[in-house]
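Here's a quick briefing for you, with the sequence and the structure to hand. Have a look at them first, then read the notes below.

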Amino acid sequence: MAAPAVPSPVISARDLRVQFGDREVLHGLNFDIFHAETVVVIGGSGSGKSTLLRTLVGLEKPSAGQVHVKGVDITKASSRAMDDIRKKIGLAFQGGALIGSLSVGENIALPLLEHTTLQPTTIEVMVRIKLEQVGLTGFENYSPSQLSGGMKKRAAFARALAMDPEILFFDEPSAGLDPITAAGIDGLILDLKEAYSMSMVVVTHELASAFLIADRIILIDRGNIVAMGPAQEVRESQHPRVRQFLDRVADTTQDDDVDHLRMLTEGLR
Amino acid sequence: MQFVAEVGAATERSVAYVGGLAQLFGSSLRVLFRSPLKRSRLAHRAVHQAMVVGVGALPIVSLITFFVGVIIALQGAYELQRLGAMQLVASLVSISITRELGPLITAIVVIGRSGSAFAAEIGTMRVTEELDALETMALDPVAFLVTPKFLAMAVMMPCLAVWSDFIGVLGGCMFGIASGNFTFGSYTIATRDALVAHDVTTGIVKALVFGLVITAVGCQEGFSTGAGAEEVGRSTTSAVVTSILLVILIDLVFTTLFYLARGTA
């Protein structure tokens, strides 16, 4: 196959819709994510940004549209094809989601043990390298419950990196951390960006860190993309919802709260 | 009409629930024969589970079945003494323990210890996104969590049942000796004469099925946990209550079947 003139995207979503029950959360999103770029998805609580992330890694099924990851349409992929894609991606969860019954080192070794035929000694070395990269040298034998919030996130990064993924996803990497630890995490993401040529998709609502790490920004509001483009372009956008989000202006009407309440009560019905 | 509709809906839910249990068991079996995980680590996890659910339950199972053995002997003696048939205490204890109470009491203890723990473990993993993490690493949660539990329970429940048979009979023996009607030797001989191999195998078959049901219910409740810590509590409670109900139901079915089989033999 000849190299295309235009770089082909690693992730490409067309008219992506996700529905929970009869409530649509994402209303037809179109976007591409290219090789080795860092895209930050920002948006308020309940905007659908976490749902988008979960859909891209195959944890939620879209109700309509297509999502191509590495050229494979994950909305139609068999579970085996999905597993093959999952071996090429890494996801760092908001709370770490480290397996509590395993040590930090075993958590990172887990995907290597299950998916590769590497010798245990090789895996041990790789675990040590990954931990060193995220600044957790010597924490192999700690249990996840012994780590602080920031350390858990770092360990989760190390696990997501274990299989040398081509696409790395981060769910709220700096949420719930103090400013110093959060800055450390931002620095770590920038380091990873430099060290590996992989695509990164970061979901966050922290504006400062978004503009620091992003090549491009996608702003999602109530299930729609309202702005998408290079960080600088989004920062200067005059779109009212973008300005409201960036300037941290509260909604004047109570619409959001009423919507949110309706969403909750509909969920109970 | 409303009532009929509700009964219908409840029946449908129950059938779907049992279907879910069967599906969980089926996919675990599939993993066992076509393991995407490397077998040695599957065995390693199963052994770890077996230590927790089986060996860990030994003290409490021993204590409880010993007391149950004494209680059966006491209750039996209360009636048999009037008939002057105290020598039948040994056979009463041995048959009721091996055919019925050994496996049943073991199952109840294992539900309390392990069925609830399965639901809590998997439920917590659901809440902390650990199940999602396994999935995004292309690891099947059933293969990783459920299959080792089924394996461990399928081996350990029969073992625990046989052990509880032994301890229960020992409890009856203690009473027999204390009441002055038996010596250790005569009680042993009386027990041996009363029991046939079939009594013990009946109990073992029951224990095996109980073990599978307890695992399936515990894991299914864990997987169906919603969001939030209180949901884990709900799953755990539900796992215990449902397991006890199902174990008693299955016990009834098996006992009836064994009774009928005996009638025709």
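In β2 of chain A, H27(A) sits across from R17(A). That places us in the pairing of β1 (residues 11-20) with β2 in chain A, where the two run antiparallel and are joined by 8 bridges. Bear in mind that this is a predicted model.

**The sheet in chain A**
- Strands β1 and β2 belong to an open sheet of 4 strands, laid out β2-β1-β4-β5 with antiparallel pairing.
- At the edges you'll find β2 (23-33) and β5 (72-73) of chain A, each of them pairing on one side only.

**Helix α1 in chain A**
- Helix α1 (residues 49-56) of chain A is mostly covered, with 7 of its 8 residues buried.
- The buried set is K49(A), T51(A), L52(A), L53(A), R54(A), T55(A) and L56(A).
- Just past α1(A), the backbone at G58(A) goes to a positive phi of about 85°.

**Where the chains meet**
- Chain A puts 16 residues in contact with 12 residues of chain B.
- Sorted by class, the chain A side touching chain B comes to 9 nonpolar, 3 polar and 4 charged residues.

**Confidence**
- For the complex, the predictor reports an ipTM of 0.86 and a pTM of 0.87.
- Chain B has a mean pLDDT of 92, and 97% of its residues reach 70 or more.

Notes:
Residues numbered from 1 in each chain as written. Chains lettered and ligands numbered in written order. Predicted model: local features only at pLDDT ≥ 70, side-chain atom pairs only at ≥ 80, totals over all residues. pLDDT = per-residue confidence, 0-100. Contact = placed C-beta atoms within 7 Å. Nonpolar A, V, L, I, M, F, W, Y, C, P; charged D, E, K, R; others polar. Buried ≥ 20, exposed ≤ 12 C-beta atoms within 10 Å, placed from the backbone. Pairing = 2+ DSSP bridges.
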